[in-house]
Amino acid sequence: MAKLSDKYMAGFIDSDGHIGMAYRYLGRDGSDATRMRTHVVLEFSQLTRRDEVLYQIQEAIGGSISFDKKRDATNLRLLGKKAEMALSRIRKHLVVKRHYAGVVLDMAGKIVDRKESTAFLKTERKRKSLPLPNYPSRKWMAGYLDGDGCFNVRLPKGRTSAQVTLEACASCYDSESVELMQKAFGGSITPTTESGRIVSYTLTLPPSKAEQVIGHCGKYLLVKKPQSDFILGCAQMGHYRDGKRIKAIAKQLKSQPHRLSEPEPDIQALLDSVDGSIETPAEKGRRKWANGGCGCGAPHYSGGVCRKCYDKKRHQAMRQSGVAHCYQ
């Protein structure tokens, strides 16, 4: 299993990681909160059914893993020097939390007033990390989407073709991430709450756009790689017309556990089960027109039929007209 890149871990921290500060009392009495030593904390959390990525992060930067049975979650935690070393290594690749990471590293090991330090860090956490990159790197975007992205497949009412979207959420003071993806690929950013504290990024993925976006970062995804590979395979067919089947498979892949002990799904077998030969009504009409519209397979001539059938119909109409004239 290859070690994760620093850019991937930076994207994962920007979306679903936590950079914080732990405090320890000085002396044996442990009661003076105005003089406490600071220690850097770096934490990650995922649902246990898809915690493979945490083990790969642990292999790359260390830390200890614990389990929260109530939340059915797996946590990875680094404290002190290990957290400082990992954050120093990853910091330059961060987009959202780069400024805050620098502030936390500058405070590491210092003796501070806990109340004042907490208030200061809370203010610094909301500062933007400027300047922003011009374009999201492939590995950073893969890490970000694995942490806080989602591929959704829906079947609009009255239609047989599926609609695929990429979605991600961020707090209003962490919106640099979704703004960067919007600048690169388009889409819309809207507030999801009345207060506007959470914003949602939505990008519709028709086949051409899916190939562009997933082609950019899909190779480096871990948690969402089965979903992205399947959607990319459907996009390469040129359409999502077998909507019911595509939606069912996407739902199956989304709910599937992603752990070290779980086998990888056979994406090619799933793609083979999708009917890529479905025609739209317009395509059926064009094919019927090109074949004469009468089932003969000859080129279209007039009135939706080939030349031979057109002449036959015309002669029949003339004979019927002549018979009718004789009876008058």
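Helix H7 is mostly covered, with seven of its ten residues buried, where buried means under 20% relative accessible area with a 1.4 Å probe and protein chains only. Helices here are DSSP runs of H or I with at least four residues, strands are runs of E with at least two, and both are numbered from the N terminus. The model is predicted, so local features need pLDDT of at least 70 and side-chain atom pairs count only at pLDDT 80 or more, while totals for chains, interfaces and linings use all residues. Residues are numbered from 1 along each chain as its sequence is written, and side-chain values use heavy atoms, leaving out hydrogens and water.

Helix H4 is likewise described as mostly covered, and the table sets out both helices.

| Helix | Residues | Buried |
|---|---|---|
| H4 | 98-107 | eight of ten residues |
| H7 | 176-185 | seven of ten residues |

The buried residues of H7, among them Val-178, Leu-180 and Phe-185, pack against H6, strands E7, E8 and E9, and helix H8, contact meaning heavy atoms within 4.5 Å. Gly-186, which follows H7, has a positive phi near 90°.

Terms used
Buried means under 20% relative accessible area, exposed over 50%, partly exposed in between (1.4 Å probe, protein chains only). Axes are lines fitted to C-alpha atoms, for helices over the stretch in contact, and angles run from 0 to 180 degrees between N-to-C directions.
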